[in-house]
Amino acid sequence: QVQLVESGGGLVQAGGSLRLSCAASGRMSSTYSMAWFRQAPGKEREFVAAVSWSRPYYSDSVKGRFTISRDNAQNTVYLQMDSLEPEDTAVYYCATGRPSLIMTAAGYNYWGQGTQVTVSS
């Protein structure tokens with residue numbers, strides 16, 4: 001089993017920045033991909049970013065504004081979010097596993113509880 005704990009969410013004005021962290025514990029492996037998904041009220045959970053074998057992946061909606069990074073020694077993944085927009089408001093979830101499709105939520109075995117990000121206009 002792997003446990004994931006997210007932190008760093010909060011309220012920020014449009015154009016501002018936040019940095020999310022996700023710490024993994026338990027039977028974590030450096031071979032696991034680590035990803036961020038988000039879910040806004042009334043919407044489906046959507047892919048945000050992932051890192052797999054040091055290669056980053058981003059959704060088109062956040063590319064150029066968000067940066068994902070990983071510290072394997074600390075079993076932690078970060079999401080630096082810049083130039084935030086009200087449309088980025090959502091609960092952000094960390095996930096890990098060995099998905100066959102990096103951008104698909106169904107492929108991830110372990111999930112955190114989520115952290116709220118609210119961007120005011």
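Me: What is the torsion about the S-S bond of Cys22 and Cys94, and is the disulfide left-handed or right-handed?

Reply: Some background to begin with: a disulfide is a covalent bond between the sulfur atoms of two cysteines. Keep in mind that the model you have here is predicted. In it, the S-S torsion of Cys22 and Cys94 is about -80°, so this disulfide is left-handed. The two sulfur atoms sit 2.1 Å apart.

Me: Which parts does the pair tie together?

Reply: Cys22 belongs to strand 3 (residues 18-26) and Cys94 to strand 9 (residues 90-97), so the bond ties together parts that are 72 residues apart in sequence. A search of the whole structure turns up one disulfide.

Me: Is Cys22 buried or exposed? And what about Cys94, buried or exposed?

Reply: To read this, look at the relative accessible area: under 20% means buried. Cys22 comes out at 0%, so it is buried. Cys94 is buried too, with a value of 0%.

Me: Let's zoom out. How many helices and strands does the protein chain have?

Reply: Zero helices and eleven strands. Read from the N terminus, then, the elements are β-β-β-β-β-β-β-β-β-β-β.

Me: What does the radius of gyration say about the chain?

Reply: The idea is to set the value beside what a compact globule would give. For 121 residues that would be near 14 Å, and the protein chain has 13 Å, which agrees. Along the principal axes, its C-alpha atoms fill a box of roughly 40 × 25 × 25 Å. Of the 121 residues, 45% count as buried.

Me: How do strand 4 and strand 5 pair?

Reply: Strand 4 (residues 33-39) and strand 5 are antiparallel, with five bridges between them.

Me: What does strand 5 do on its other pairing, with strand 6?

Reply: Strand 5 and strand 6 (residues 55-58) also run antiparallel, joined by four bridges. Ala50, for instance, has Tyr57 in strand 6 as its bridge partner. This hairpin has two residues between the strands, and Trp53 takes a positive phi near 50°. As for cover, six of the seven residues of strand 5 (residues 46-52) are buried.

Me: How many salt bridges are in the whole structure?

Reply: The general idea: side chains of opposite charge can pair when their charged atoms come close. Here a search finds five salt bridges. Let's go back to Arg38 and Glu46, whose side chains meet in one of them, at 2.6 Å from N to O. Arg38 is buried at 5% relative accessible area, whereas Glu46 is partly exposed at 35%.

Me: Which residue forms a salt bridge with Arg65?

Reply: Glu85 does, with the closest N and O atoms 3.9 Å apart. That pair links distant parts of the chain, 20 residues apart: Glu85 is in the loop between strand 8 (76-81) and strand 9, while Arg65 is in the loop between strand 6 and strand 7 (66-71). Glu85 is partly exposed, with a relative accessible area of 33%, and Arg65 is buried at 12%.

Me: Which residues are linked in a network of salt bridges?

Reply: The network links Arg38, Glu46, Arg65, Glu85 and Asp88. There is also a salt bridge between Lys63 and Asp60, with 3.4 Å between the closest N and O atoms. Asp60 counts as exposed, at 68% relative accessibility.

Notes. Residues numbered from 1 in each chain as written. Predicted model: local features only at pLDDT ≥ 70, side-chain atom pairs only at ≥ 80, totals over all residues. Heavy atoms only, no water. Buried < 20%, exposed > 50% of the residue type's maximum accessible area, 1.4 Å probe, protein only. Pairing = 2+ DSSP bridges. Disulfide = S-S within 2.5 Å. Rg over C-alpha atoms; globule rule 2.2 N^0.38 Å. Salt bridge = Lys/Arg side-chain N within 4 Å of Asp/Glu carboxyl O.
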